[in-house]
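Welcome, and let's take a walk through this model together. Please have the sequence and the 3D view at hand as you read.

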Amino acid sequence: MVARSPDPSPRAGRWKGWARRIVRTGLVATLFSLISLVIAVSVAYSTLPSFSDLKSSPNGQMIRVHAADGTVLVSMGPSYGQWLDYGQLPATMKTAMVAVEDRRFHNHLGVDPVGIVRSFYVRAIKGRFTQGGSTITQQLARNVFLTNDKTWTRKIREIILALALERKFSKDQILELYLNRVYFGGGAYGVDAASRKFFGHPADRLSLGEAAVISGLVKAPSNYSPTADAQAAIGRAGVVLIVMRDQGVITAEQAADAAPDKIVFAPEPQQNSVRYFTDWALPQLDTMIDATNGPIDVWTTLDLNMQRAADAAIVANTPDGTQGALVSLDRDGAVRAMVGGKDYVGSIYNRATQAVRQPGSAFKLFVYLAALEAGHTAADMMVDKEVDIAGWRPRNSSRKFAGEMTLRTAFAYSVNTIAAQLGAEVGTGAIADMARRFGITTPINTNPSMVLGTSDVRLIDMTRAFASVGGNGIAIAPYGITKVTTATGDVLYEHRADTSHVLVAPQVAAQMIDLLQTAVNTGTAKAAQIGRPVAGKTGTTTSNKDGWFLGFSSGITTGVWMGRDDNKPVPGLQGGRNPARAFAQFMTVAVAKRPIEKFQTDVTLPEWQLEPDQEAYFGNADDATAPDGSGQAAEPDPMDQSSETRLESPDTNPPPRLDQKWIDDALGRNSRTPRPVQPGNSQTRPN
């Protein structure tokens, strides 16, 4: 009798049932997922831009800043080189990129299953994506359409887009898009931009070693970029060459000959003084145009020739251990040159627009403007004498009093007692209002000593004030951007000058210009003479901490400041010395191609009004003009033994004889070499 096998246990039957249901459910889920994937890919396919559209729509916003002549000063944001068609791309570049980023690029359908499984496995273990596993097609999808967020959602969208891209475009087209769009670090997008930035030549001249450097950047542009770490870039290139050798795309000899350690990288552009200007001008874009993602061109007022001259003048004339700044405005307020310090790389602090310093006697511009507006004239007589204003007893630096003199002479020699009397007469509140009217944006005190320049100001504001005087009392507003355009030339913004705001009556401005000419021709600012009409004023503060010169000629107004950032004294620093010399050096270049312009009023002083052009008589008019803590004019630095700051006793340095010989000497009439007649002196066009 044959024994029958026992019937399967109920438990075994249940397990088989569960297994069949799981398999069926898995098959259904897989089928549903495939259908969903096909639908998603089809939808993505239908929404993808055309190949030509993808070629013409770079990622990110690029800002190109142009000088007044159209020269590109700086490119900010992403940069794009020449678009290279597939046939123009170097074979070494294509081979290197495929080898290091996606060795199965020509065989997969847009995704690499092995890479995806590995990437998702690491994500599940570590809780975040730490390995790529992305194909070149996936990277293209991410660069063009997505962000770099490391999330499941983004990864799934990336896969869908990669599959759609592979359906819509050929492998050659995908590689062309990738090599022209991928980010290589240093702001460079595409192989041509990267080649130009890192090696200084177009991509069609890339060597194998250079191609290996660029190919190695995609993994971590910020870490391997030659601009960030040249040695890291070279090391990564060596890895790329090893990968290419191991894959058989290059020989061991070719890998050795590539020698990435011998590659010469293009030097980084110097961060020169132009950056002081762009740092000041570009933030103003927020108030000029609406937010835009497209590339824009910013056209500025900067004159490169003047900028170079400004840089040279500051470097050549600023004393060791001190800083210098310069701002130059055209007659409409256009900033033609701006230097915020001797070295932008060493310090990006812009002393032309950010620093606030005491202006010393340069502030007397507002004192005399207020006096002229109140009815005084340049020919009015006042007495240089000891005065007491609410307990404040200002002194002249010579510690002498010259007696009766005109306002013209008092201004030319920066006589403190006359300025103090004018301040008491017109009121310090009126002087403060005049300063604010002319563009001073910093707080202004109204103490009696304010007439000597004790309130902190900015160089650009003071330069603006002098430019408004030179413009016959019409308000001048500094500006650096003339227009903003899109890449296709559409105008987003264009500057419109406003010349409708009158600050003072024309006759007041004309008289002020008369006084400013006198200061340059016969007073403290003779070092600022440039062989054509110049009007200006010096300024020096307590213990020679600050030196200023501000003036204008032929439609250009320039302000110069020098001093230490820590506000310590600088022996020998005076407005009539280094700042005035820097002004003259710069202005000689700045106005060289401009016609000589005479002011509305010429300095033709009657002989009986002339005062000695000798600092021994009035003292050094610019020395120690700011009061000390007690409200008195501070004593000169006793350590400064320069001839202009030594205090000579009256017995050893008597006033000169005021005779016709001295007057002729002061006006240059006794010079053996006659002064040449400058062409265009007959012009009467105002500055």
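Strand 1 (residues 63–66) runs antiparallel to strand 2, and four bridges join the pair. Strands here are DSSP runs of E with at least two residues, helices are runs of H or I with at least four, and both are numbered from the N terminus. Two strands count as paired if DSSP finds at least two bridges between them. Within this pair, Val-65 sits opposite Val-74 of strand 2.

Before going further, please keep in mind that this is a predicted model, in which local features need pLDDT of at least 70 and side-chain atom pairs count only at pLDDT 80 or more, while totals for chains, interfaces and linings use all residues. Residues are numbered from 1 along each chain as its sequence is written, and side-chain values use heavy atoms, with hydrogens and water left out.

Next, find another open sheet of five strands, ordered 7-6-14-13-12, where the pairing is antiparallel. Its edge strands are strand 7 (335–339) and strand 12 (535–540), each pairing on one side only. Here the twist averages 5° from one strand to the next. Strand 12 is joined by six bridges to strand 13 (residues 546–553), and the two run antiparallel. Thr-540 stands opposite Gly-547 in strand 13. Helix 20 (residues 506–521) packs on this sheet, touching strand 12 and strand 13, and its direction makes about 65° with that of strand 12.

Finally, look at two helices. Helix 15 (residues 364–373) and helix 18 (residues 428–437) pack at about 110°, with their axes 9 Å apart. That makes helix 15 roughly perpendicular to helix 18, a term for angles of 65 to 115 degrees. Among the residues making the contact are Phe-366 and Leu-369 of helix 15 and Ile-431 and Met-434 of helix 18.

How values were computed
Axes are lines fitted to C-alpha atoms, for helices over the stretch in contact, and angles run from 0 to 180 degrees between N-to-C directions. Angles under 35 degrees count as roughly parallel, over 145 as roughly antiparallel, 65 to 115 as roughly perpendicular and the rest as oblique. Contact means heavy atoms within 4.5 Å.
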